Amino acid sequence: MRADGFDVFISYSRADWREAADIEKLLSAASLKTFFDRRELAPGLPWVRALEDAIGKSSVVIILIGARGFGNTQQYEREFAFYKQTRDPTFRIIPVLLPGTTDTPAGLLQLLTWIDFSAAGKIADAPDEAARLLKALRADLVPDASATNICPYRGLDAFREEDSLFYFGRGRADDPSTPVGELVAKTRSNSFVMVVGRSGSGKSSLVFAGLIPALRRDHLETFWHVISFRPGADPLRTLAETFNVRREDEGVAGYASKITDETARLRDGNTSLLGHVIRDYLAKADGKPDRLLLYVDQWEELYAQASAAGTEERLVQQRRDVDKFIDILLAATQTAPVTIVATVRADFYDSLVRHPQLRSVLPAQQVNLSSIPRSELRISITEPARIAGLKFDPPSLVDRILDDTGEDEGMLPLLQYALKETFAYREGNVLTAASYERS
């Protein structure tokens with residue numbers, strides 16, 4: 001046991017606190033000194049520096065991966081752990097897949113030692129895997145390279161923040177002439193930014209895997225907290241749910257009633273209400289972040305859902321709710337430490353600019369996604385393969401894939417799907433022409 005620090009730093013999302021507590025109990029019973037509860041952070045230190053300090057004093061970091069993905073502070077912990085590993089090759093990072101996890105983050109692919117509880121109902125149901133975890137922490141477990149057979153392509157799913165290692169094709173965050181760089185620059189200098197592009201052009205991936213990791217790297221200047229949501233059929237209710245997460249001891253009916261009341265307050269109240277909510281939310285969030293990034297994905301749902309509202313009365317109310325939703329968000333950008341980034345399909349642009357305030361800020365605070373140049377598209381195919389230790393056979397297969405993809409930016413999901421299927425049919429570490437044809 002370390003006398004001056006921790007044997008194990010347990011990185012977990014608050015959504016997975018029960019599983020994290022089970023693992024902490026397991027490790028403590030094995031006489032391992034763990035950093036588990038964030039209340040152990042040294043008082044007086046800035047939050048981000050305190051996390052770095054705790055990881056710096058740990059021998060191993062285990063990253064718990066649950067079905068609901070990474071938590072906000074967990075993204076910082078992951079970054080700090082990898083940074084320490086670049087300076088200290090003996091420092092180990094061990095991903096632990098929790099029960100119910102099915103979508104493994106590709107950004108941890110290069111780590112050789114994995115612990116997998118995903119098929120178990122709970123941690124206690126997998127004693128053999130628990131024993132493997134203890135052996136791994138004591139460096140008694142031989143790394144299993146087969147455990148890293150994670151596909152570096154996302155198929156029809158958007159890239160997430162934890163997949164950013166394999167996100168290519170939209171440029172660099174430090175180059176404002178590229179989509180990623182332009183979005184980062186506009187987000188830093190504006191409190192509202194809209195990303196516009198065709199369906200399938202990669203708008204969500206640009207935000208999750210391009211913008212957000214870049215903002216996280218600014219942690220010494222700004223400690224960002226990130227919330228993302230889709231507006232859905234009832235945007236005001238969605239907004240109420242976003243800032244009122246259901247407690248575990250809260251009944252379904254009681255929670256629904258509370259959200260109904262909160263929705264009514266948003267609908268009938270002053271547009272400045274959300275600004276107060278955001279300031280209170282940040283004050284109570286782990287580490288008291290400096291600023292909130294509120295990401296509204298698929299903004300076009302505001303208009304698509306309104307057009308399908310049903311009765312004339314319902315349609316009128318839906319349109320009023322949409323306008324109130326937009327007014328509330330824009331008012332919050334003037335009164336609270338929040339930056340709103342949204343993505344919208346280009347075919348809904350006319351609906352977007354019907355709102356007078358939106359029309360006044362666009363297109364100056366807008367990023368347009370067009371087709372990816374062939375050279376960048378090639379990189380989006382070959383670089384993930386290189387990082388994952390994969391090869392194309394024959395090498396000309398890459399050109400064939402590029403020819404099949406063409407210049408239509410709406411083809412990007414289908415390209416990723418074909419690459420993911422090709423990976424599934426690969427031969428060893430080789431992506432073959434035959435496996436591509438099967439895809």
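The following legends describe close-up views of a predicted model.

**View 1. Strand β8 and its surroundings.** Strand β8 spans residues 291-296, and five of these six residues are buried, so the strand is largely enclosed by the rest of the structure. Burial here denotes a relative accessible area under 20%.

**View 2. Pairing of β8 with β7 and β9.** Six bridges link β8 to strand β7 (residues 224-229), and the two strands pair in the parallel sense. Within this pairing, V226 has L293 of β8 as its bridge partner. Strand β9 (residues 338-345) also runs parallel to β8, to which five bridges join it. L293 stands opposite T339 in β9.

**View 3. The open five-stranded sheet.** The strand order in this open sheet is β2-β1-β3-β4-β5, with parallel pairing. Strands β2 (34-35) and β5 (115-116) form the edges, each pairing on one side only.

View 4. Strand β1 (residues 6-11) pairs with β2 through two bridges in the parallel sense. V8 has T34 in β2 as its bridge partner.

Note on methods: Residues are numbered from 1 along each chain as its sequence is written. This is a predicted model: local features need pLDDT of at least 70, side-chain atom pairs count only at pLDDT 80 or more; totals for chains, interfaces and linings use all residues. Side-chain values use heavy atoms; hydrogens and water are left out. Buried means under 20% relative accessible area, exposed over 50%, partly exposed in between (1.4 Å probe, protein chains only). Helices (H or I, at least four residues) and strands (E, at least two) are DSSP runs, numbered from the N terminus. Two strands pair if DSSP finds at least two bridges between them.
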